[in-house]
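Subject: Structure handover

Hello,

Here is the structure for your files.

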Amino acid sequence: MRIATEPAPSGVGEPIVQVSGLGKTYAGGFQALKNVSLSIRRGEIFALLGPNGAGKTTLISIICGIVNPSEGTVLADGHDIVRDYRAARAKIGLVPQELHTDAFESVWATLRFSRGLFGKPPDPAYLEKVLRELSLWEKKDNKIMSLSGGMKRRVLIAKALAHEPKILFLDEPTAGVDVELRHDMWQMVRRLRDDGVTIILTTHYIEEAEEMADRIGVIRRGELIVVEDKAVLMRKLGKKQLTLNLQNPLPRIPDDLAALPLELAGDGGILVYTFDAQSEETGIADLLRRLGEHGIAFKDLHSSESSLEDIFVGLLRSDANAAREPGA
Amino acid sequence: MNTHAIRAIYRFEMARTFRTITQSIASPVLSTSLYFVVFGAAIGSRMGAIDGVSYGAFIIPGLIMLSLLNESISNASFGIYLPKWSGTIYELLSAPVSYLEALIGYVGAAATKSVMLGVLILITARLFVPYHIEHPLWMLGFLLLTAVTFSLFGFIIGIWADDFQKLQVIPLMVVTPLTFLGGAFYSIGMLPPVWQKIALFNPVVYLISGFRWSFFGQSDVNVGISLAATLGFLALCLGIVWWIFRTGYKLKS
Ligand SMILES: Nc1ncnc2c1ncn2[C@@H]1O[C@H](COP(=O)(O)OP(=O)(O)O)[C@@H](O)[C@H]1O
Ligand SMILES: [Mg+2]
């Protein structure tokens, strides 16, 4: 797909989107974003992860010009999104979270409209290519209302690509999408990235971020609390610790518990159990039973997690269904 | 200037018009024709001429204005309300399009459609009543000016409205009564003196009067005042639109 029309960008990895001190307070006083600063690298897939209501859509909407920022600035490919909005917006494509479509228009008409709106001269050959890549070409003369939900989502993607953007925002691209289409979507995103498009997607599925992203940002209650390379994040994310304050200090871990991921700390008064937070079987019940068998009593216990893990566990709980979805 | 965007919006809006041709063109032409049949051909023949103009011909400018105002407002308000309602407005807001360009696209398409309608009604009227147009260029000028002004007004209503009822209420409850009372079917001079004074507060009086002058060379109010009043309303609408766009009123949070 011919998306980026410019020659290979100089300095891969330099920021293509630069968000500085961004804040948003909606009319009514609700503060949806608090002092968010973020650099998106050219050519990467960046996943913005966070529970519902965290402010993901608000952040994207500000960058795309749909919501006014209250504080802060955003540069898109070096252009200020407010002062130099024409140049900035011409570079950006947006696939919104909701399926907002012109029900009575044909796929082709709505695509031509999008391209024109973004200031590009007609290019039927390019639009045909986009539609073919998205398996929509056969539907080009259909009215949008006759299409399935998944097809409508593709139409929105095609519209967002109609003006050959260099930066593509996908706001929850796979929410409510079946597993098969989700995998198609992931493939398409990778193809776009290979063509040089920088992709920022939001999701509240950890699996999706894990599958797709080069880097991950986590947003909670309007605050960007972490931005990490995926690999680093996943390591931190995967582990969780249960800390037991023992009644009586242990000199050492009993031999037949040695196979468990246990550590003694605090002169033997504290027993730390490390486990995989994402696995179905934490082994905690088993651990407690076996401690009981050894007569090891504890005063209290708590799960000591990094704040990051805290968020993700909260996330997993709030979206347990999605996390358990097979194949996802 | 993003001329591709203006063209895209204009084409998109015109396509919507032609797709719904029955309700957007045919039905207003038909209903206006019924007025000509009833008031022009049937009742008109029993009515005396007004200021030397046969009654059937006398009502032509008023009837065209009635359609022009209603259609301009409803076209333009619907044109911008629809994307707001369906959510597709996100695309317009995220596009490298200035407010002026969006305005030209939407208002231009709405005004084009009402002018087409006005001309069609004028041609249809010919089937029922003979008439002569004294100042054809002025007539076209008033037609265009009114279409643009009230499309602009409709655009404002479309942005302001947040449900379908609000969209209908101004054309139905304000514009239509003002048009009927504004001399579409009579000369203001036929009213009792007190009502003549009151009528001068009705802005539609100036529109109809000026338009009628372009047909018959005579009017209730001086044509210069009519023109000034119309231009004044245009300026007022432009001011409001400028404010809407500057503040993002009902468009951006
Ligand atoms: N137009 C608005 N007016 C007031 N509050 C809003 C508006 N849009 C979103 N919010 C609030 O801002 C918060 C963040 O919303 P959003 O950015 O949509 O979150 P996310 O996309 O992460 O689910 C939510 O609490 C939401 O209720
Ligand atoms: Mg959202």
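Predicted model: local features only at pLDDT ≥ 70, side-chain atom pairs only at ≥ 80, totals over all residues.

Residues are numbered from 1 along each chain as its sequence is written, chains are lettered from A and ligands numbered from 1 in the order in which they are written, and side-chain values use heavy atoms, with hydrogens and water left out.

Interface

Chain A contributes 30 residues to the contact and chain B contributes 23 (contact: heavy atoms within 4.5 Å). The two chains bury about 2,600 Å² between them, with 55% of it on carbon and sulfur atoms; buried area is the accessible area (1.4 Å probe) that two parts lose on being put together, summed over both.

Three salt bridges are found across the interface of chain B and chain A (a side-chain nitrogen of Lys or Arg within 4 Å of a carboxyl oxygen of Asp or Glu). In the salt bridge between Arg86(A) and Glu101(B), the closest N and O atoms are 2.6 Å apart.

On the side of chain B that touches chain A, α1 (3-19) and α4 (89-94) of chain B each supply at least two residues. The largest share, seven residues, comes from α1(B). Helices (H or I, at least four residues) and strands (E, at least two) are DSSP runs, numbered from the N terminus.

Ligand site

Ligand 1 lies between chains A and B. The residues around ligand 1 (a heavy atom within 4 Å) include Phe30(A), Lys56(A) and Ser253(B). In the side chain of Tyr26(A), an N or O atom is 3.4 Å from a nitrogen atom of ligand 1.

Within chain A

Lys56(A) also forms a salt bridge with Glu172(A), at 3.7 Å from N to O. Lys56(A) is in helix α1 (residues 56-64) and Glu172(A) in the loop between β7 (167-171) and α6 (179-194) of chain A, so the pair ties together parts 116 residues apart in sequence. Over all chains, the count is 25 salt bridges.

Ser106(A) sits in the loop between β6 (92-95) and α3 (107-117) of chain A. A polar atom of the Ser106(A) side chain lies 3.0 Å from the backbone nitrogen of Ala109(A).

Chain A is assigned domain 1 (15-235) and domain 2 (239-305), with bounds from an automatic or database domain assignment. Their centres, taken over C-alpha atoms, are 44 Å apart.

Regards

Conventions
Polar contact = N/O pair within 3.5 Å; in protein donor to acceptor, adjacent residues only side chain to side chain.
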